[in-house]
Amino acid sequence: MSKLDRIDSKIIAVLQSDGRITLQELADKVGLSPTPCARRLRMMEDEGIIKGYSAIIDQAKIGLPVSAFASIKLERQREEYLDRFAQTVSNWPEVVDCYLMTGQYDYLMRVVVADLAAYEAFLKTKLTRLEGVASIETSFALGQTKRSEVLPLP
């Protein structure tokens with residue numbers, strides 16, 4: 001499946017707005033019967049277009065109101081340093097997003113914690129102990145204007 005057609009895009013659009021929709025409801029909304037709809041869905045899952053399904057949780061309501069954005073510069077930008085950094089931070093539950101960047105910093109990550117003390121502990125026990133980190137600059141979000149998991153479809 002190299003390119004999505006109109007029906008595949010409809011399936012994705014519906015699932016982005018309601019990941020708990022039944023197969024029958026999905027098929028009705030995209031104008032297919034359940035069997036071909038299920039086949040298309042399975043193909044998109046098998047090809048990794050649809051990576052999974054999850055609930056969107058209000059981080060403040062579960063006691064994690066702080067989002068810290070850490071800009072990380074590594075001592076060297078060689079492949080083994082980049083790979084080691086990426087592999088290590090992917091195992092840290094506090095890091096909910098991490099991007100390899102262009103520009104002044106090598107990585108930008110969003111860290112979600114309960115409070116400033118929890119971020120300080122994360123910094124001291126994990127991030128600053130990671131070999132190869134040259135500098136860390138942190139900004140704290142004061143509020144959230146928009147958050148979305150819905151991608152703009154062509």
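**Cores, a helix face and a pocket**

Colleague: Which residues touch the most other members of the largest nonpolar core?

Modeller: In this predicted model, the core has 20 residues, and Ile72, Leu74, Phe85, Met109, Val111, Phe122 and Leu127 touch the most other members. At least two residues each come from β1, α4, β3 and α5 (116-125). The top contributor is β1, with 5 residues.

Colleague: What makes this set a nonpolar core?

Modeller: A core is a set of buried residues of nonpolar types joined through side-chain atoms within 4.5 Å, and therefore membership needs both burial and a link. A second, separate core of 14 residues includes Ile7, Ile11, Val30 and Leu41.

Colleague: Which residues is Leu74 in contact with, leaving aside its neighbours within four places in sequence?

Modeller: Leu74 is in contact with Tyr81, Leu82, Phe85, Asp106, Tyr107, Gly132, Val133 and Ala134. The cut-off for contact is heavy atoms within 4.5 Å.

Colleague: Tyr81, Leu82 and Phe85 are among the buried residues of α4. Why are the buried residues of α4 said to lie on the same side?

Modeller: Helix α4 spans residues 79-89, and its buried residues are Tyr81, Leu82, Phe85 and Val89. They cover an arc of only 100° around the axis, so they sit on the same side of α4. The face turned away from that buried side carries the exposed residues Glu79 and Gln87.

Colleague: What covers the buried residues of α4?

Modeller: The cover includes β1, β2, β3 and β4 (133-140).

Colleague: Why is Arg6 called exposed?

Modeller: Exposed means over 50% relative accessible area. Arg6 has 58% relative accessibility, so it counts as exposed. Arg6 lies in helix α1.

Colleague: How much space lies in the largest pocket, and what makes it a pocket and not a cavity?

Modeller: The largest pocket holds about 1,500 Å³ of space. Of its 43 lining residues, Ser54, Ile56, Arg147, Ser148 and Glu149 are the closest to its centre. A cavity is a set of points from which the probe cannot get out, whereas a pocket is an open set; this one is therefore classed as open.

Colleague: Which elements supply the lining of the largest pocket, and how do its residues divide?

Modeller: At least two lining residues come from each of α1 (6-17), β1 (66-74), β2 (95-100) and β3 (107-113). Helix α1 gives the most, with 4 residues. By type, the lining divides into 21 nonpolar, 12 polar and 10 charged residues.

How values were computed:
Residues numbered from 1 in each chain as written. Predicted model: local features only at pLDDT ≥ 70, side-chain atom pairs only at ≥ 80, totals over all residues. Heavy atoms only, no water. 1 Å grid on protein atoms, 1.4 Å probe; cavity = no way out; pocket = protein on both sides within 12 Å on 5 of 7 lines; lining within 4 Å. Points joined across faces, edges and corners; volume = space filled by probe spheres on them. Nonpolar A, V, L, I, M, F, W, Y, C, P; charged D, E, K, R; others polar. Buried < 20%, exposed > 50% of the residue type's maximum accessible area, 1.4 Å probe, protein only. Arc of directions from axis to C-beta.
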